[in-house]
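Below are my notes on this model, as numbered points. Please read them with the coordinates open.

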Amino acid sequence: MGNSTFQDHDVVVIGGGHAGVEAAVAAARMGLDTALYTMNADLIAQMSCNPAIGGIAKGHLVRELDAMGGVMGEVIDRTGIQFRLLNRSRGPAVWSPRAQADKQRYRVAMRRLLEGEARLGIKQAEVVEILRENGQVTGVELADGRRVGARAVVLTTGTFLNGLIHIGERKSAAGRSGESPSVPLAESIKGMGFGWGRMKTGTPPRLDGRTIDFGLAEEQKGDEHPTPFSFRTKEIRQPQVACYIAYSNDRTHQVVRENLSRSPLYSGRIQSIGPRYCPSFEDKVVKFPERPRHQIFLEPEGLSTNEIYVNGLSTSMPPGVQMEMVRSIRGLEEAELIRPGYAIEYDYVDPRELFPSLQTKRVAGLFHAGQINGTTGYEEAACQGLMAGINAARWVRGEEPVVLGRDEAYIGILIDDLVTKGTDEPYRMFTSRAEFRLQLRIDNADRRLTPLGGKLGLVGAEALAEYESKQKRMERLRDSLKELRVRVESGRISAREALKRTEFRIEQFVSGLPGGLRTDLNPEEMRSVETEIKYEGYLRQQRADIEKMRRASSRVLPVDFEYGNIAGLSREIVEKLSRIRPVTIGQASRIPGMTPAALSIIHVHLELERRKKEARA
């Protein structure tokens with residue numbers, strides 16, 4: 001790039017949201033000179049929507065992220081103001097932590113963490129173009145004309161690509177409320193030939209908590225003993241607060257129906273697709289007319305602010321209509337609006353343009369992570385950021401990418417779904433997407449992923465030592481439960497055998513354990529061992545199924561495979577295979593519309609090609 005280059009870096013990350021910070025920290029901790037470019041350094045890791053981390057399946061993602069050495073878990077543990085473990089009434093496979101965040105403290109804590117990374121530099125500037133030569137990334141160009149050299153670039157642009165905000169009949173170009181969109185960069189990306197589309201998301205109004213009568217709402221307290229997200233967190237020390245539940249009513253719904261023509265969603269001004277599982281309140285009223293009420297959660301945005309997030313009332317109605325909706329709800333009759341809700345449309349790139357490493361197929365050294373791939377949610381973005389940062393670093397070092405399997409992590413399921421199937425609506429994670437979810441619990445995320453995080457250099461020596469110590473404690477517990485004898489109606493059996501019965505819980509046997517072990521163990525470690533014992537048969541069968549699937553799916557497909565030359569494949573199958581470029585037979589089998597007959601033909605062709613090579617050798 002010659003003398004026009006202002007500065008060179010190994011990895012440049014574009015965007016300071018939840019995907020960007022994980023990508024930047026991962027690349028820096030792996031020893032690469034990393035620069036994080038953001039349009040506003042004061043809003044790094046901003047929670048532009050719900051100020052919360054985790055929830056059903058999302059909590060699994062954060063636990064896995066933390067186990068590999070990501071940072072979201074430890075930051076929310078330091079700044080969360082209400083923790084709840086969801087799905088306690090169901091099996092341990094679907095238990096999932098959630099925490100309400102102090103929005104401002106979360107952002108400040110994340111900024112402080114980034115500034116402590118020796119190999120990471122924060123840069124405030126707008127990136128307007130991805131520079132490349134001969135199909136490979138060479139750097140980025142900034143709005144002020146500077147050119148920055150880079151051996152790999154990670155794009156984490158969130159909702160900023162051609163962002164357009166809607167509030168009632170008014171619309172304005174913006175990436176988030178009050179912030180400029182990224183228009184030149186969007187055009188640069190389209191100029192590379194990527195398939196792209198438009199998506200939408202929305203936010204609810206924020207209210208002044210001093211004007212709410214919380215006594216008329218249902219109090220929702222957090223857990224007395226919070227479940228942390230990070231395996232390295234010993235205890236939650238900061239003050240905890242309550243959230244509240246209110247309900248919409250006939251009047252609320254009538255206000256919506258009377259003003260539907262003023263909603264951008266129903267007037268035709270918004271054409272793009274929003275998240276099915278987090279719909280606007282207008283959508284709820286129209287699509288569920290039989291429902292007399294909908295839950296509205298009143299969630300504090302922090303300890304040092306009166307601002308209340310009205311979860312469940314996402315809307316892009318005009319501000320006056322929003323106020324009428326709000327004040328029709330019991331307890332909110334006198335509520336004052338701090339800022340109105342809005343809908344935002346933005347560009348995304350078809351994730352089938354990516355390899356499972358999250359590197360683009362069109363441009364070598366360019367990686368995409370977060371909402372640019374069609375996902376929704378801080379947690380989904382952060383996990384993609386971690387994997388893109390890891391693989392950008394490995395690309396620079398000439399190493400093979402890290403790809404997690406569907407049987408190894410929800411992160412693997414998330415990325416495989418995106419790059420294999422694509423998405424035509426904002427994608428979010430659910431436990432139902434996992435074929436082997438009993439194997440993918442929050443309590444064993446460290447056993448699944450921490451050794452890998454250690455090998456990559458993301459989990460430090462101290463954390464690795466604590467991990468090993470924990471595994472030894474749990475092994476001692478397993479051994480002690482085998483030796484401890486307990487009385488049942490048929491005689492005496494080991495505590496381990498007794499635990500397989502529904503009427504026994506591990507707490508019943510604690511008093512019989514060796515003294516040192518009793519004091520060393522914590523409740524989560526005991527629950528984890530109990531789960532393994534109670535579900536031993538199911539887990540054994542799932543492991544056998546996983547091994548069978550791996551053997552059948554692991555055959556590698558050449559990147560330059562000419563599917564058009566294989567007799568017997570339909571034109572539609574050839575087109576799909578050529579566009580997605582599956583890395584393995586397993587990935588090919590998950591492409592929508594793929595048939596067993598087509599897979600069999602590919603198998604036969606691969607075998608013939610192998611034999612020809614052997615004969616030539």
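1. Aromatic pairs. The structure holds five aromatic pairs, where Phe, Tyr and Trp rings (for Trp, the six-membered ring) pair if their centres lie within 6.5 Å. Take Tyr535 and Tyr538: the ring centres are 6.3 Å apart and the planes are at 50°, so this pair is tilted. (Planes under 30 degrees apart count as stacked, over 60 as edge-to-face, and the rest as tilted.) Tyr535 is partly exposed at 27% relative accessibility, whereas Tyr538 is exposed at 59%. The cut-offs are under 20% relative accessible area for buried, over 50% for exposed, and partly exposed in between, with a 1.4 Å probe and protein chains only.

2. Basis of the model. This is a predicted model, in which local features need pLDDT of at least 70, side-chain atom pairs count only at pLDDT 80 or more, and totals for chains, interfaces and linings use all residues. Residues are numbered from 1 along each chain as its sequence is written, and side-chain values use heavy atoms, with hydrogens and water left out.

3. Charges over rings. Arg63 lies over the face of Phe231, at 4.6 Å from the ring centre. Lys190 places its charged end over the ring of Trp196, 3.5 Å from the centre. The criterion is NZ of Lys or CZ of Arg within 6 Å of the ring centre and within 35 degrees of the ring normal.

4. Overall build. The protein has 20 helices and 22 strands; these are DSSP runs numbered from the N terminus, with helices (H or I) of at least four residues and strands (E) of at least two. Along the principal axes, the C-alpha trace spans about 80 × 75 × 50 Å. Of the 617 residues, 58% count as buried.

5. Among contacts with a separation of 6 or more, 74% join residues 24 or more positions apart. Contact means heavy atoms within 4.5 Å.

6. Nonpolar cores. The largest core has 73 residues, and Val11, Ile53, Tyr106, Leu114, Met387 and Ile390 touch the most other members. Helix 10 (residues 378-396) gives the most to this core, with 11 residues. A second, separate core of 24 residues includes Ile14, Val127, Leu142 and Val153. A core here is a set of buried Ala, Val, Leu, Ile, Met, Phe, Trp, Tyr and Cys residues joined through side-chain atoms within 4.5 Å.

7. What does Ile390 contact, leaving aside neighbours within four places in sequence? The partners of Ile390 are Ala26, Met30, Met68, Val402, Leu456 and Leu458.

8. Gln136. This residue is found in strand 8 (residues 136-142). Gln136 is partly exposed, with a relative accessible area of 35%. Not counting residues up to four places away in sequence, Gln136 touches Leu131, Val363, Ala364 and Trp395. Gln136 and Val419 are 283 residues apart in sequence and 20 Å apart in space, C-alpha to C-alpha.

9. Positive phi. Please look at two residues other than glycine. Asn87 has phi near 65° and is found in the loop between strand 4 (80-86) and strand 5 (96-101). Arg581 has a positive phi of about 50° and lies in the loop between helix 18 (571-580) and helix 19 (585-589).
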